[in-house]
Amino acid sequence: MAGLTRTLLASLALSFYPGLVSALTSTLQQVTNFGSNPTNVGMYVYKPTTVTASPAVIVAIHECTATGPDYFEGSPYASLADTYGFIVIYPSSPNSGTCWDVSSPASLTHNGGGDSNGIANMIPYAISTYNADPSAIFVTGSSSGAMMTNVLAATYPELWRAGTVYSGVAAGCFVSNFGGVDAWNSTCAEGLTDDTQQQWASVVHAMYPGYTGTYPPMQEYHGTADTTLYPPNLNEEVKEWSGVFGYNAAAPTEVLDNTPLSGYTKSIYGPALQGILAQGVGHTVPIQGDEDLKWFGIIPGGAAPPPPTSPPTGTTTIGTTTAPTAPPTTSSAPPTSTSGTVAEYGQCGGIGWTGGTVCISPFTCQVSNAYYSQCLPA
Ligand SMILES: *[C@@H]1O[C@H](CO)[C@@H](O)[C@H](O)[C@H]1NC(C)=O
C-alpha cells in the first residue's frame, strides 16, 4: 500500500521556477532544535535579506516523494517572499516516501505527538526567532501537503490566520481505522467518503476536544480531472468547513465563473470559505501564488476576513464523534432528486451518487470519471 501511495501521489509534478531560486536574495536554511519534534519533521526556512519589521509567515507543505527543499524550488513562495518581505517555512516529511501522516490518531489530534505536532511547534520558534507576526501565520500545501493543511487547520486552529489547499482531502478523511501512521485510504482517495457537514464538523472538533476558539478561513482548490484524489473530495472539504463555520455547503452565496483563471469556478460559501473547482485540471492544480497572497491579505484584493467569532452552528457534538468506521453507503441525503434541478457545475452522477441526475437547462450531465459526473455547458 505504501508503494501504491507513492506511485499515485508522485504523479503530482510541480512546476519548477528555473532561475528564480538562484535569483533570490537569500538562501534556504535548515533549522534543527526548533522545539519538541516527536516524529522528527524537518524544518527549512527561507528568510529574505529584507523582511518587514514583524513579518508574516507562510508554512508551505510539500507533496509525497518531495521534500521541503523541493517545495522551496517548486513553488512561487520564496520569490514572493523576496518581493513582499515575509518568511516561508518548508516542513519536510520524516516518513518513508515522504507522504505526511494524516491518518493516525497522533497526527489527527492537537498535541497528539504526530507530524502535525512537529509542524505546529515551528510557529512559536518563528515568532520568537524572527519576530514574526502571530496574527499573520498562514498554511498551504499541495496533495499530501494539502491534506496536512486541512489537518493543521483542524488540529491547530489557533495558529493560522488563513489556509489554502491545493488538491487535498478533508481533515480526517484519510483516517486509518487501524490507527496506521501515514496510511493510504482508498475510500477517501476515490471520493467515496460522503459525510454530512455536521458529521465533518464533529470530526474536526474531535481533533481538538474542548477548543472553543475560531477556525481559520480556508480556500480549497481541486481539479475536475483529478484521478489520484477524486473530485468529490472538494465537496467533502467544503462540507467540512461549512459545518465548522455554520455555512450551507449546498448553497454557495456566490459563484464566480472563470475565477481566478479561465475554466476555474470559485464558489463562496461565506466569508471564511471558498471552493475553487478547476475544470479539466488533474491532480496538479498549479499554485496561484498571487491569489494566495491576496487571500492571506499580504497583497490587496480579497483578503480573508478575520476568523468568524460567533459560535458556529451544528457543533454540539464536540469531541463525541469520530469518522465512521465503515465506508459510507448511500445514507447521505441528496439535495434533491427531482428532475432538472442540478445547477451548473453541480454533481449529477458517479458511483455512490444518490443526488439529482438531471441538470438545469441548458447544462448537461457529463462524465468526469466513474465517480463524478458534473453539469456543464453542452
Ligand atoms: C478510510 O477513511 C474513511 C473516512 O474517510 C473511514 O470511514 C474508513 O474506515 C477508512 N478506511 C480504512 C481502511 O481505514
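The structure holds two disulfides, a disulfide being a pair of cysteine sulfur atoms within 2.5 Å. This is a predicted model, in which local features need pLDDT of at least 70 and side-chain atom pairs count only at pLDDT 80 or more, while totals for chains, interfaces and linings use all residues. Residues are numbered from 1 along each chain as its sequence is written, and side-chain values use heavy atoms, with hydrogens and water left out.

Cys-64 sits in the loop between strand 3 and helix 2 (68-74) and Cys-99 in the loop between strand 4 and helix 4, so the bond ties together parts that are 35 residues apart in sequence. Helices (H or I, at least four residues) and strands (E, at least two) are DSSP runs, numbered from the N terminus. The link of Cys-64 and Cys-99 is right-handed, with 120 degrees about the S-S bond. Cys-64 counts as buried at 0% relative accessibility, and Cys-99 is buried with a relative accessible area of 2%. Buried means under 20% relative accessible area, exposed means over 50%, and partly exposed lies in between (1.4 Å probe, protein chains only).

In the other disulfide, the sulfur atoms of Cys-173 and Cys-188 are 2.2 Å apart. This pair links distant parts of the chain, 15 residues apart: Cys-173 is in the loop between strand 6 and helix 7 (186-189), and Cys-188 is in helix 7. The torsion about the S-S bond of Cys-173 and Cys-188 is about 120 degrees, so this disulfide is right-handed. Cys-173 is buried at 3% relative accessible area, and Cys-188 is buried at 0%.

Now follow strand 6. Five of the five residues of strand 6 (residues 162-166) are buried, so the strand is largely enclosed by the rest of the structure. Ala-162, Thr-164 and Tyr-166 are buried on one side, and Gly-163 and Val-165 are buried on the other. What does strand 6 pair with? Strand 5 (residues 137-142) runs parallel to strand 6 and is joined to it by five bridges, and strand 7 (residues 218-223) pairs with strand 6 in the parallel sense over four bridges. Two strands pair if DSSP finds at least two bridges between them. Val-165 stands opposite Gly-141 and also opposite Glu-220 in strand 7.

Strand 5, helix 6 (residues 144-155) and strand 6 make a right-handed β-α-β unit. Right-handed here means that, with the strands pointing away from the viewer, the path from the first strand over the helix to the second runs clockwise.

Helix 5 (residues 122-130) has the buried residues Met-122, Ile-123, Ala-126 and Tyr-130. They cover an arc of only 100 degrees around the axis, which puts them on the same side of helix 5; the arc is that of the directions from the helix axis to the C-beta atoms. These buried residues pack against several elements, including strand 1 (28-31), strand 2 (42-46), helix 4 (115-120) and strand 5. Contact means heavy atoms within 4.5 Å. Just after helix 5, Asn-131 takes a positive phi of about 55 degrees.

Leu-256 is partly exposed, with a relative accessible area of 27%. Leu-256 touches Tyr-264, Thr-265, Lys-266 and Ile-268, not counting residues up to four places away in sequence. The C-alpha atoms of Leu-256 and Lys-266 are separated by 5.1 Å, although these residues are ten apart along the chain.
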